[in-house]
Amino acid sequence: QVQVVESGGGLVQAGGSLRLSCVASGRTFSSDAMAWFRQAPGKDRVFVAAIRWSAGNTAYANSVKGRFTISRDNANNTVYLQMNSLKPEDTAVYYCAAGPELRSYDSGYRYWGQGTQVTVSS
């Protein structure tokens with residue numbers, strides 16, 4: 001089993017920045033990928049970004065590419081999502097997930113965190 005815990009959400013003005021953290025524990029060889037998803041009010045949960053612990057490969061949704069950066073700190077079992085140039089449409093609950101391979105859909109991930117709220121004011 002893998003446990004993941006997100007933190008770092010909050011309220012920020014449009015154009016500002018925020019950094020989310022996700023700590024993973026109990027990781028096994030079969031959980032090499034970590035990802036961020038988000039769910040806005042009344043919307044489905046959608047892919048944001050993903051990274052592999054091993055090779056460091058990354059993937060981004062088109063809506064955040066160039067503004068968000070996913071990174072990893074293997075020594076501390078932590079994945080980060082640096083969010084710059086935030087827009088009101090980025091407002092959502094952000095979830096961290098762990099899975100066997102890098103995927104851009106939520107069913108590709110086995111373990112999920114509790115979510116952290118990000119609110120961007122205009």
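This is a predicted model: local features need pLDDT of at least 70, side-chain atom pairs count only at pLDDT 80 or more; totals for chains, interfaces and linings use all residues.
Let us begin with the overall layout. The protein has 11 strands and 0 helices. Read from the N terminus on, its elements therefore run β-β-β-β-β-β-β-β-β-β-β, with each helix or strand taken as a DSSP run. Along the principal axes, the C-alpha trace spans about 45 × 30 × 25 Å. How does the radius of gyration fit a compact globule, and what is its value? For 122 residues, such a globule would have a radius of gyration near 14 Å, and the protein has 13 Å, so the two agree.

Next, consider what is covered and what is open. Of the 122 residues in the protein, 44% are buried. The protein exposes about 6,100 Å², and carbon and sulfur atoms supply 46% of that area.

Now find the disulfide, for the structure holds 1. Which two cysteines form it? They are Cys 22 and Cys 96, whose sulfur atoms lie 2.0 Å apart. This pair links distant parts of the chain: Cys 22 belongs to strand E3 (residues 18-25) and Cys 96 to strand E9, 74 residues apart. The torsion about the S-S bond of Cys 22 and Cys 96 is about -85 degrees, which means that the disulfide is left-handed. Are these cysteines buried or exposed? Cys 22 counts as buried because its relative accessibility is 0%, and Cys 96 is buried as well, with a relative accessible area of 1%. The cut-off for buried is under 20%.

A pair of aromatic rings is described by the distance of the centres and the angle of the planes. The count here comes to 3 aromatic pairs. Phe 37 lies in strand E4 (residues 33-39) and Phe 47 in strand E5 (residues 46-52), so the pair links parts of the chain that are 10 residues apart. Phe 37 counts as buried at 1% relative accessibility, and Phe 47 is buried with a relative accessible area of 13%.

Phe 37 has another partner in Tyr 109. Their rings are also edge-to-face, 5.6 Å from centre to centre with 75 degrees between the planes. Here the link reaches across 72 residues, from strand E4 to the loop between strand E9 (92-99) and strand E10 (111-112), where Tyr 109 is found. At 5% relative accessibility, Tyr 109 counts as buried.

Over which rings does Arg 45 lie? Arg 45 lies over the face of Trp 112, at 3.8 Å from the ring centre. The charged end of Arg 45 also sits over the ring of Tyr 95, 5.4 Å from its centre.

Technical notes:
Residues are numbered from 1 along each chain as its sequence is written. Side-chain values use heavy atoms; hydrogens and water are left out. Rings of Phe, Tyr and Trp (its six-membered ring) pair if their centres lie within 6.5 Å; planes under 30 degrees apart count as stacked, over 60 as edge-to-face and the rest as tilted. Helices (H or I, at least four residues) and strands (E, at least two) are DSSP runs, numbered from the N terminus. Buried means under 20% relative accessible area, exposed over 50%, partly exposed in between (1.4 Å probe, protein chains only). A charge sits over a ring if NZ of Lys or CZ of Arg is within 6 Å of the ring centre and within 35 degrees of the ring normal. A disulfide is a pair of cysteine sulfur atoms within 2.5 Å. The radius of gyration is taken over C-alpha atoms; the globule rule is 2.2 Å times the number of residues to the power 0.38. Accessible areas come from the Shrake-Rupley method with a 1.4 Å probe; for residues, only the protein chains shown count as cover.
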